[in-house]
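Hello,

Here is the structure we talked about. Please open it alongside this note, as my findings follow below.

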Amino acid sequence: MSPTLRCGNFGLNGRGLVSGLLSSGLSQVTDATEIRFDDWELRPGSGELLRDGRTQRLPQQPLRVLVELLEHSGQVVTRERLVQVLWPKGVVDFDNNLNSIVRKLRVALEDDSETPRYIET
């Protein structure tokens, strides 16, 4: 079986707006360019991730992975799917690249691989 990633506590519907799971820490989306979950705010257009008055800009690939996980909240997202999203024409060493991207997301979200809140591998 292939390693998988699961993203919890937030979600998007097909229109790019947060839906459901409000009891899991989601708040309302103020417009289609802003996603709020727990006390985080993501602005996909600019790559900005905000929390507690701090702003950080996610690199393009971690941003694309986060958006993909948001679009499939609560579902298993396979490594193969993420490879298709990130490298549609293929890449030689995608395992190490994908592991690095997930580590960057965990750091940005202050998530821990041992006791994950957002990204479970």
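Start with Glu-48: this residue is buried, at 17% relative accessible area. Buried means under 20% relative accessible area, exposed means over 50%, and partly exposed lies in between (1.4 Å probe, protein chains only).

Before you go further, a note on provenance. This is a predicted model, where local features need pLDDT of at least 70 and side-chain atom pairs count only at pLDDT 80 or more, while totals for chains, interfaces and linings use all residues. Residues are numbered from 1 along each chain as its sequence is written, and side-chain values use heavy atoms, with hydrogens and water left out.

**Salt bridges**

What does Glu-48 pair with? Its side chain meets that of Arg-43 in a salt bridge, 3.2 Å from N to O. I call it a salt bridge when a side-chain nitrogen of Lys or Arg is within 4 Å of a carboxyl oxygen of Asp or Glu. Arg-43 is partly exposed, at 29%. Both residues belong to a network of salt bridges that links Glu-34, Arg-36, Glu-41, Arg-43, Glu-48 and Arg-57. The count comes to 11 salt bridges.

Another one joins Arg-117 to Asp-38, with the closest N and O atoms 3.0 Å apart. This pair links distant parts of the chain, 79 residues apart. Arg-117 sits in the loop between helix H3 (94–109) and strand E7 (119–120). Asp-38 sits in the loop between strand E2 (35–37) and strand E3 (40–43). Asp-38 is buried at 17%, whereas Arg-117 is partly exposed at 49%.

Strands E4 (residues 48–51) and E5 (residues 54–57) run antiparallel, joined by 4 bridges. Strands here are DSSP runs (E, at least two residues) and helices are DSSP runs too (H or I, at least four), numbered from the N terminus. Two strands pair if DSSP finds at least two bridges between them. Arg-51 has Arg-54 as its bridge partner in E5. The hairpin leaves 2 residues between the strands, and Asp-52 in the turn has a positive phi of about 50°. Asp-52 also forms a salt bridge with Arg-51 (3.9 Å, N to O). Asp-52 is exposed at 60%; Arg-51 is buried at 17%.

**Helix H2**

H2 covers residues 79–86, and its buried residues are Arg-79, Leu-82, Val-83, Val-85 and Leu-86. Seen down the axis, they fall within an arc of 160°, so they line one face of the helix. The arc is that of the directions from the helix axis to the C-beta atoms.

Best wishes
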